[in-house]
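Reader: Hi! Could you walk me through the aromatic rings in this one?
Author: Happy to, let's look at it together.

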Amino acid sequence: MSAPAPSPLAIVDAEPLPRQDEVLTDAALAFVAELHRNFTARRDELLTRRQDRRAEIARTSTLDFRPETAEIRAADWKVAPAPAALNDRRVEITGPTDRKMTINALNSGAKVWLADFEDASAPTWENVVLGQLNLIDAYERRIDFTDAKSGKSYALKDADQLATVVMRPRGWHLEERHLQFDGRPVPGALVDFGLYFFHNAQRLIDLGKGPYFYLPKTESYLEARLWNDIFVFAQDYVGIPQGTVRATVLIETITAAYEMEEILFELKDHAAGLNAGRWDYLFSIVKNFRDGGAKFVLPDRNAVTMTAPFMRAYTELLVRTCHKRGAHAIGGMAAFIPSRRDAEVNKVAFEKVKADKDREAGDGFDGSWVAHPDLVPIAMASFDAVLGDKPNQKDRLREDVSVAPGDLIAIDSLDARPTYAGLVSAVQVGIRYIEAWLRGLGAVAIFNLMEDAATAEISRSQIWQWINAGVVFESGENATAELARKVAAEELAAIRAEIGEEAFAAGKWQQAHDLLLKVSLDADYADFLTLPAYDQLVG
């Protein structure tokens, strides 16, 4: 299909970047314009539908499997078989698409790299455009990097040693203010998907792979249907066979957990699997049940392990659903960042990572995520022990699993309570992450963990929930706005003392402090922290 001329109403509102013309070509912008004209109105309707669903949950304080899709759940169908490049996914590494990470992730020994334009990437225009350029350069094998501080050089290994790329665009809720067509900003998801697909679909086919995607923040099967229609349109537009695209959906919202089979069904010819996220999933529970009373109050985030009864119900249902339908089930993140100075810290953390990955492999997952190359061998050993030479364990149907609707929201089945230390941790991590995000960094090492936007979302959501639910900590102190402000002021002072006056002044610490308190204390709960944060993001 021949591409139309670029719209005369296309506006790129940003300072020019090096080599941006290789990404923002007339043909690529014309494709993004067509995506915008064909699909943005439906995206808008689906965002309104999210609000309606939230209002319904506020009224009922419950969720159930959807009665109108019972026939889909009862019918006998499977998703399309996995392409060879996505059949073995036993270890996946995640990270943003800066130049150094691109090389290190591809070289990491993981089977898959989740190349992230979403939670691990602050959406500055530079990150959006140059991230696309780095992927093009990687596929063309013209990427290298020399670290200015260490002088160390990085280059790609041989092609057969590189991870397969699965790219994650932004969620549906975010606009891209730097690119407008027909007088309005384009959804960030369509910018990220459109530029990547247009430039790389054929390149990837020529490499024996394909345009593969992770779909974030999905809340319903109708949102999966929209993505499927976009895939059909895009494949026709550039003239590649239908079914070349493959998508893995992150089940990281509580509403999507009740629609897993329907989501796979909508994407059937393009579905690759489902992934069990963690922090965004907990964030979604708080967001949706924030006014549901004491039984929905989450304890400290680190107390909510994947063995909590309601989390176990979610992950086991995901494995059963995927394998019943012939799809991959991908487990959650090991976010530990190894210390170069403390071998004992590493030893304890590596044992926890191993136990977590052993559990996932034993439960039937086909693969799992890590945040750092040093964790790849640990996760690989856990899955090798179960899989052996098999690429996956989709033949384990997990028909022993039975999950009732109430099991997924039985938050009070977890024997843990919010603590004052949990409040302090939420404030510490929230301020430190937001400050880095406002400087354009989306993946940030904080206290030996790789944190991304989902971390900040659960941090501020828990502060909001604890205050509004009238939680009393074990110290006897009430969770109040005044207490949160006191803890935040103490943290800001501690950071100033820790890093020094000059570094403090050069950062965005006060701004981050103020934004965390705003989204944690406002009576009107913001749907996403990144919406008000984007207004303050420079670049």
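Reader: Is tyrosine 196 buried or exposed?
Author: Tyrosine 196 is buried, at a relative accessible area of 0%; buried means under 20%, exposed over 50% and partly exposed in between, with a 1.4 Å probe and protein chains only. This is a predicted model, where local features need pLDDT of at least 70, side-chain atom pairs count only at pLDDT 80 or more, and totals for chains, interfaces and linings use all residues. Residues are numbered from 1 along each chain as its sequence is written, and side-chain values use heavy atoms, leaving out hydrogens and water.

Reader: Thanks! How many aromatic pairs are there?
Author: The structure holds 25, counting Phe, Tyr and Trp rings (six-membered ring for Trp) with centres within 6.5 Å; planes under 30 degrees apart are stacked, over 60 edge-to-face and the rest tilted. One of them joins tyrosine 196 and phenylalanine 213, edge-to-face with 5.7 Å between centres and 85° between planes.

Reader: And how accessible is phenylalanine 213?
Author: Phenylalanine 213 is buried too, at 1% relative accessibility.

Reader: What about phenylalanine 336 and phenylalanine 350?
Author: Their centres are 5.9 Å apart and their planes at 90°, so this pair is edge-to-face. Phenylalanine 336 is buried at 8% relative accessibility, while phenylalanine 350 is partly exposed at 26%.

Reader: Switching topic: which ring does arginine 301 lie over?
Author: Arginine 301 lies over the face of tryptophan 279, 4.6 Å from the ring centre. The criterion is NZ of Lys or CZ of Arg within 6 Å of the ring centre and within 35 degrees of the ring normal. Likewise, arginine 460 has its charged end over the ring of tyrosine 525, 4.4 Å from the centre.
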